[in-house]
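Student: I have a new structure to look at. Can you walk me through it?
Tutor: Gladly. Here it is.

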Amino acid sequence: MKKSTRLLWLLSIIVLVAAVSKAVAEVDNDDDDDNTSLEGMTTAKRETLEVEDHTSLEGMVKREALEVKPPKAGKGKGKGKGRGTVAAGPEMNWPGQWELFMKNSGVSAMHAILMPLINKVQFYDATIWRISQIKLPPGVPCHVFDAKKNKVDCWAHSVLVDINTGDIKPLALTTDTWCSSGGLTVNGTLVSTGGFQGGANTARYLSTCENCVWIEYPKALAARRWYSTQATLPDGTFIVVGGRDALNYEYILPEGQNNKKLYDSQLLRQTDDPEENNLYPFVWLNTDGNLFIFANNRSILLSPKTNKVLKEFPQLPGGARNYPGSASSALLPIRLYVQNPAIIPADVLVCGGAKQDAYFRAERLKIYDWALKDCARLNINSAKPVWKTETMPTSRVMSDTVILPNGEILIINGAKRGSSGWHLAKEPNFAPLLYKPNKPLGQRFKELAPSTIPRVYHSIAIALPDGKVLVGGSNTNNGYQFNVEYPTELRIEKFSPPYLDPALANMRPRIVNTATPKQIKYGQMFDVKIELKQQNVAKENVMVTMLAPSFTTHSVSMNMRLLMLGINNVKNVGGDNHQIQAVAPPSGKLAPPGYYLLFAVYNGVPSVGEWIQIV
């Protein structure tokens, strides 16, 4: 009788496990819009951990990081006509780590971009303040801002910072860059557009070299651009969208030429409310070469060739998402294949923001409402696009979104209450969030180790070649003020995401730069040689990604995009050396010409990035 009972129990358990496995498989295979950007990134989400050391939590975590079974290879659908699979690797439980990189950046990091090749970050703020914490170097003339009264400004408002040593090189600016926009040309030159007062119609150029200086053209733009967004087009040229009292857009002409032509934007006119809430619109280059433009709570698809609106997307309810509502946004990583389908999926993420009247309530009534907690995702190439929303662990306004080289998303900085603006936010949000796009809806967020430095209004965050994230800025004041609730912040930090767990060091590839090209052409098949101390390196466990440096300011990461390249083959070429045969993006619609950071990723752990130019 006892044997029969045990047998019945055993059979019941087997039936139950089979039913649960079937249900989980059905969820994993659900063909919905939420998984179109990174669908099938892993085919072994439930692999069993081989943990040998159970004697301590520290030992268990270490074993978990080092001895997870590699995910089994998934089967893609041939030549990219379906949804191929890429293994995401083990679950990483290390919460990340903060380090203080610089005690004084000299200039408040209101704007930031990583300059190609020289590996220096450009920080700049606003010349109207006539002060910073670093003087112009000897031999550089002071800026005369009032010739009648002979008033000069001898402070630097722009600095180049070496990302490895922290060495600072101050640069001279004459036009005001306050709340401006920017992007990189094909050859890596920074083009900065707009700003305040005399800087509003300006286009500025800074080439990527050790001794380059700013060249400024004060009449280059047809409209005054303050709080506008600059986006790179498939041919490498730029569009500038919106700005205060500029409900239109324009295209930047070649250096030295002044533009006179404007294009009216009904989207900006219709989304301009009493608090504005449509400044710094989110502008993303879609995989079809058209522009996704989001302002306030609405979005469109605009053709830069015909200047016609091709599609209107559903409204995103809940509040305001653009300045001063200030959510953050990202175009999720774009998955490519050896041969790509006619329509390449593209998902847009919009996270956080504020209530529609949050700015008014904070400024006039001193009421700091809770920021929004929702994070919405839209497949913009779907026949019937629908926003799909999930809830973040905490409320967030003024956050920065950073695409990491392995395709995960870091949401960092910001506050839990209030809105953008001077002294209009409370309760800094110290803990970054890791967003995993390939996870099921409701399981994508993970809270990481918190910082101790408030990063609220005028903060930045950008990805670095070594996989860390540079975090700086925070100035809620009109000028440089230090004896206030949230003082002007000049300390610069670096954050190490979970994939930089020291226990994963032996899983980190190293690109052999002497055997990897520095320049590629569209559609070209090329080799990436890596060193990796792993046996049986399978194609399904490897990614090659290309990350475009973003221009980051006011919670907007302009031109940020990551391409996951198609891989034709991975083979061992002796010892720890492996050769990856990858395929370059097919056109500028997917990857505008210019410089990218090239990464090799093994089981979710990225190499140090190498600069590569696509032309």
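Student: Which ring does the charged end of Lys135 sit over?
Tutor: The ring of Trp155, with the charged end 4.2 Å from the ring centre. A charge sits over a ring if NZ of Lys or CZ of Arg is within 6 Å of the ring centre and within 35 degrees of the ring normal.

Student: And what about Lys494?
Tutor: The charged end of Lys494 sits over the ring of Phe101, 4.1 Å from its centre.

Student: Where do these values come from?
Tutor: This is a predicted model; local features need pLDDT of at least 70, side-chain atom pairs count only at pLDDT 80 or more, and totals for chains, interfaces and linings use all residues. Residues are numbered from 1 along each chain as its sequence is written, and side-chain values use heavy atoms, leaving out hydrogens and water.

Student: What is the mean pLDDT of the chain?
Tutor: It is 88, and 85% of the residues reach 70 or more. pLDDT is the predictor's confidence in each residue, from 0 to 100.

Student: Where is the pLDDT below 50?
Tutor: Over residues 1-87. Beyond near neighbours in sequence, that stretch has 123 contacts in the model. Contact means heavy atoms within 4.5 Å.

Student: How many helices and strands does the chain have?
Tutor: Four helices and 45 strands. Both are DSSP runs numbered from the N terminus: helices are H or I with at least four residues, strands are E with at least two.

Student: What share of the residues is buried?
Tutor: Of the 615 residues, 60% count as buried. Buried means under 20% relative accessible area, exposed over 50%, and partly exposed in between, with a 1.4 Å probe and protein chains only.

Student: Back to rings. How many aromatic pairs are there?
Tutor: The count is 21 aromatic pairs. Rings of Phe, Tyr and Trp (its six-membered ring) pair if their centres lie within 6.5 Å; planes under 30 degrees apart count as stacked, over 60 as edge-to-face and the rest as tilted.

Student: Why is the pair of Trp129 and Tyr480 edge-to-face?
Tutor: Their planes are at 90° and their centres 6.0 Å apart, so the pair is edge-to-face.

Student: Where do the two sit in the chain?
Tutor: Trp129 is in the loop between strand 3 (120-124) and strand 4 (143-146). Tyr480 is in the loop between strand 32 (469-473) and strand 33 (492-496).

Student: Is Trp129 buried or exposed?
Tutor: Buried, at 10% relative accessibility. Tyr480 is buried too, with a relative accessible area of 12%.

Student: Which residues do ring pairs link into a cluster with them?
Tutor: The cluster includes Trp178, Phe196, Trp226 and Trp422.

Student: New topic. Where does Asp400 lie?
Tutor: In strand 25 (residues 400-403). Asp400 counts as buried, at 0% relative accessibility.

Student: Which side chain does a polar contact join to that of Asp400?
Tutor: That of Asn413, at 2.9 Å. A polar contact is a pair of N or O atoms within 3.5 Å; within protein, one must be able to donate a hydrogen and the other to accept it, and residues adjacent in sequence count only if both atoms are side-chain atoms.

Student: And what does His458 touch?
Tutor: Its contacts include Trp178, Trp422 and His554, not counting residues up to four places away in sequence. His458 counts as buried, at 2% relative accessibility.
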